[in-house]
Amino acid sequence: MSSANINVLALSGSVRQGSLNSASLRAAVELAPEGVRVTLGSIAGIPLYDEDVRSAGTPEPVTALAEAIAAADAVLIATPEYNYSIPGVLKNAIDWLSRLDPQPFARKPVAIMGASMGRLGTARAQYHLRQVFVFLDAMVMNKPEVMIAAAHTLVDDAGTLTDETTGRHIRSLLEALANHTRLLAPARARD
Ligand SMILES: Cc1cc2nc3c(=O)[nH]c(=O)nc-3n(C[C@H](O)[C@H](O)[C@H](O)COP(=O)(O)O)c2cc1C
């Protein structure tokens with residue numbers, strides 16, 4: 001990692017076309033501050049976790065995602081909230097990645113945000129996701145927290161985030177993630 005450029009891999013916890021979380025990550029691409037480049041990754045195409053499938057060989061979408069995470073300086077995850085928790089499709093992707101050696105989230109700088117139609121903006125799901133990353137030894141940034149409530153009112157028909165306040169919060173999160181990543185770089189270089 002150069003001191004000037006932080007490469008952030010952005011992963012949405014929703015694979016649907018009109019995803020509000022994917023919309024917030026597309027906004028993050030546009031809002032990235034100088035010295036930060038945000039690239040959209042995907043958890044699409046990952047099969048349901050099955051130890052028998054894994055024994056036969058790690059599926060290609062899992063390997064590709066692990067490589068993308070390994071190549072990134074940091075990861076930004078936008079999670080929906082399903083029934084007060086992490087959507088199964090996101091947890092399933094993380095479960096696959098957690099069985100790899102090397103495990104791609106270990107010591108990786110990570111930031112979490114999320115968009116929901118509810119009033120708490122995925123707060124409950126985000127705290128569950130933080131708990132999962134404890135076991136994976138990811139370096140999850142504490143603050144700022146970006147919880148995008150009533151997100152369907154902040155995105156236009158073309159799937160573009162139009163709310164300036166939310167945009168400022170996302171940009172602040174990216175600035176903080178870049179600082180968090182730079183702070184951890186010397187320790188990670190010694191690993
Ligand atoms: C199975 C299911 C459970 C949901 N549970 C919650 C919930 O607990 N809290 C909430 O705020 N929204 C909940 N929602 C609504 C989501 O916030 C909404 O579908 C959101 O658009 C999902 O994110 P996405 O647009 O990125 O796909 C739920 C939606 C689904 C499909």
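The structure is a predicted model, in which local features need pLDDT of at least 70 and side-chain atom pairs count only at pLDDT 80 or more, while totals for chains, interfaces and linings use all residues. Residues are numbered from 1 along each chain as its sequence is written, and side-chain values use heavy atoms, with hydrogens and water left out.

**Overall fold**

- The protein has six helices and six strands, where helices (H or I, at least four residues) and strands (E, at least two) are DSSP runs numbered from the N terminus.
- Along the sequence these elements follow the pattern β-α-β-α-α-β-α-β-α-β-β-α.
- Of the contacts between residues at least 6 apart in sequence, 80% join residues at least 24 apart.

**Nonpolar cores**

- The largest nonpolar core has 30 residues, and those with the most contacts inside it are V8, L76, M113, I148 and I170; such a core is a set of buried (under 20% relative accessible area, 1.4 Å probe, protein chains only) Ala, Val, Leu, Ile, Met, Phe, Trp, Tyr and Cys residues joined through side-chain atoms within 4.5 Å.
- Elements giving two or more residues to this core include β1 (6-12), β3 (74-78) and α6 (164-189), and α6 supplies the largest share, six residues.
- Not counting residues up to four places away in sequence, V8 touches V36, R37, V38, T39, A74, V75, L76 and L177.
- A second, separate core of 27 residues includes I43, V62, I69 and A138.

Methods. Contact means heavy atoms within 4.5 Å. Buried means under 20% relative accessible area, exposed over 50%, partly exposed in between (1.4 Å probe, protein chains only).
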